[in-house]
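Please keep the structure at hand while reading.

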Amino acid sequence: MNRETLRHIIRGMLFLIVQVLILKRISSGSQWLWLNGEIFIYPIIVLLLPIRLSRHYVTLISFCLGLFIDMFYDTVGIHAFALTAMGYARGIILSYLEPRGGYQLTMSPTRHSMGINWLLAYTSLLFIVYVFLYFTVEIFTFVYVGKILVKTIITFLLSMMTIMGYHMLFNPRR
Amino acid sequence: MNNLLLFIIRYSAFLLFVLLEMVALVLIVRYNDDQRDIFLNSSTVFSGKVYNAADKAYKYSYLQVIADSLASENAKLKTELFNLERTIQHIEGSEQPLDSCVLEPFRIINARVINNSIDQRNNHFTIDRGTNDGIRNGMGVISPHGIAGIIDQANEKYATAISILHSAARISASIKRNNFFGSLVWRELNPAYMILEAIPRQADIVVGDTIITSGYSFIYPRGIFIGTVHRFWTEGGSNYYTIEVKLHEDISRLDRVYVVDYKEMQMQSQ
């Protein structure tokens, strides 16, 4: 296990701790998040995985990560479902956003490496997939499509602010 | 086989994705009560609507049957009621043993009005029962809130009645409070009002007094509520009041009516 992998694991654990111990409390116990929106930061672990990592690994890691979060949210399978879809969609989005000349070996999906515009497109496209699927499966019926959309938009905005804040503050290189 | 392997290898990431999503879905439905309930119920959101609409349509078509059965039940109850009232009247004035006093002079036949008029000088209506159901000329027709008319002509399946809004209709009616009685006629004023004539001036009348059938004719049983006194006056030099009675029944909306078969009338006429 090289340093690179270890770095991802430790950073990922920090994100999970923040998600489960801080953000979960903010969203579940408060009235001031209108209409029960949530803040999700842990999908950034999948977003930050190396660009060249194969789709199989990304999908599998997403599934396990989702199940792990489900254990804390008591929502068996819901996070896993949404995050697996996001993990698989990551490959598609990456090839869609591929710069001219392809990805360099040194590139990683961060602001430092790819620039703010690329990062914004990459993060928001994947996040909208994640959040929409999450609430679709949580509410589980398209009868309440309005509720799904409202929750999706609120949660998307809050989570994007959190994630972009992380990128701005810490500006990770890899 | 080779192609299949190639396919699997080529789309392995996608297949993995589908597999994991299916696992997640199974977990969701299996371990989350909410989602399981929703899964079971959300089909009901749609099918429930369909069932509800179908049920409404079905019930609507069935209403007729229900109403008919209720009407015949009403007719039975009215028969018993009138017979019992008559029996009580009879017992009050006699010393005979009770069992010989039980009278059953009335039989009530339920019917529907299928044609009606109120805007002519002489109004008639038609009911959907005829001689096959025991309808005969001269029988009284009562309605849920009052009286409606008298059978005029009956054929096998239908019968025509003169409405109480008819110049020839004279109904023996009395004031419930003091038993003064007179004739109720219609003077082409307004289908909501009739005139009670021949109540002597010594009668004590106030506006709002209840007018009922007197039972002195062989048409209606005694005590059917007709209406209330609306206003009254004496025409110049007359010894009798002219009383305007507000009908309780709206004759223009007659639908279900009951025909009174008064057996004593048959005996009288034979």
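## Salt bridges across the model

A search of the whole structure finds 13 salt bridges over all chains, a salt bridge being a side-chain nitrogen of Lys or Arg within 4 Å of a carboxyl oxygen of Asp or Glu. This is a predicted model, in which local features need pLDDT of at least 70 and side-chain atom pairs count only at pLDDT 80 or more, while totals for chains, interfaces and linings use all residues. Residues are numbered from 1 along each chain as its sequence is written, chains are lettered from A and ligands numbered from 1 in the order in which they are written, and side-chain values use heavy atoms, with hydrogens and water left out.

## The pairs around B:D261

B:D261 forms a salt bridge with B:R107, and the closest N and O atoms are 3.4 Å apart. Because B:D261 lies in strand β12 (residues 256-262) of chain B and B:R107 in strand β1 (residues 106-116) of chain B, this pair ties together parts that are 154 residues apart in sequence; helices (H or I, at least four residues) and strands (E, at least two) are here DSSP runs, numbered from the N terminus. The side chains of B:D261 and B:R136 also meet in a salt bridge, at 3.7 Å from N to O. B:R136 lies in the loop between β2 (124-127) and β3 (140-143) of chain B, so its pair with B:D261 ties together parts that are 125 residues apart in sequence.

Which of these residues are buried, and which are partly exposed? B:D261 is buried, with a relative accessible area of 4%, whereas B:R107 counts as partly exposed at 33% relative accessibility and B:R136 counts as partly exposed at 35%. In these terms, buried means under 20% relative accessible area, exposed over 50%, and partly exposed in between (1.4 Å probe, protein chains only).

## The barrel that holds β1 and β12

Strands β1 and β12 belong to a closed barrel of 6 strands in chain B, which runs β1-β2-β5-β4-β3-β12 with antiparallel pairing, where two strands pair if DSSP finds at least two bridges between them. Neighbouring strands of this sheet are turned by 45° against each other on average, direction ignored; the axes are lines fitted to C-alpha atoms, for helices over the stretch in contact, and angles run from 0 to 180 degrees between N-to-C directions. β1(B) and β12(B) pair in the antiparallel sense over 7 bridges, and the bridge partner of B:F106 in β12(B) is B:Y262.

## The other barrel of chain B

Another closed barrel of 6 strands in chain B runs β6-β7-β8-β11-β10-β9, with antiparallel pairing. Neighbouring strands of this sheet are turned by 40° against each other on average, direction ignored. Strand β8 (residues 193-200) pairs with strand β11 (residues 240-247) in the antiparallel sense over 6 bridges, among whose partners in β11(B) are B:E244 for B:I195 and B:Y240 for B:P200. β7(B) and β8(B) also pair in the antiparallel sense, over 3 bridges, and B:V185 stands opposite B:I195 in β8(B). β8(B) is mostly covered, with 7 of its 8 residues buried.

The side chains of B:E235 and B:R187 meet in a salt bridge (3.8 Å, N to O). This pair links distant parts of the chain, with B:E235 in the loop between β10 (225-234) and β11, and B:R187 in the loop between β7 (181-185) and β8, 48 residues apart. B:E235 counts as partly exposed at 37% relative accessibility, and B:R187 is partly exposed with a relative accessible area of 36%. B:R170, B:R187, B:E197 and B:E235 are linked in a network of salt bridges.

## The helices of chain A

Chain A has 7 helices and 0 strands, and 51% of its 174 residues count as buried. Helix α7 (residues 145-170) of chain A has 26 residues and reaches 37 Å from its first C-alpha to its last, close to the 38 Å expected at 1.5 Å a residue, the expected span being 1.5 Å times one less than the number of residues. α7(A) is followed by A:N171, whose phi is positive, near 45°.

A:L6, A:I10, A:L14, A:I17, A:V18, A:L21 and A:I22 form a nonpolar patch on the surface, with about 620 Å² of accessible area together. Patches are made of residues with over 30% relative accessible area and no salt bridge, like charges being joined within 9 Å and nonpolar side chains (Val, Leu, Ile, Met, Phe, Trp, Tyr) within 5 Å, and accessible areas come from the Shrake-Rupley method with a 1.4 Å probe, only the protein chains shown counting as cover for residues.
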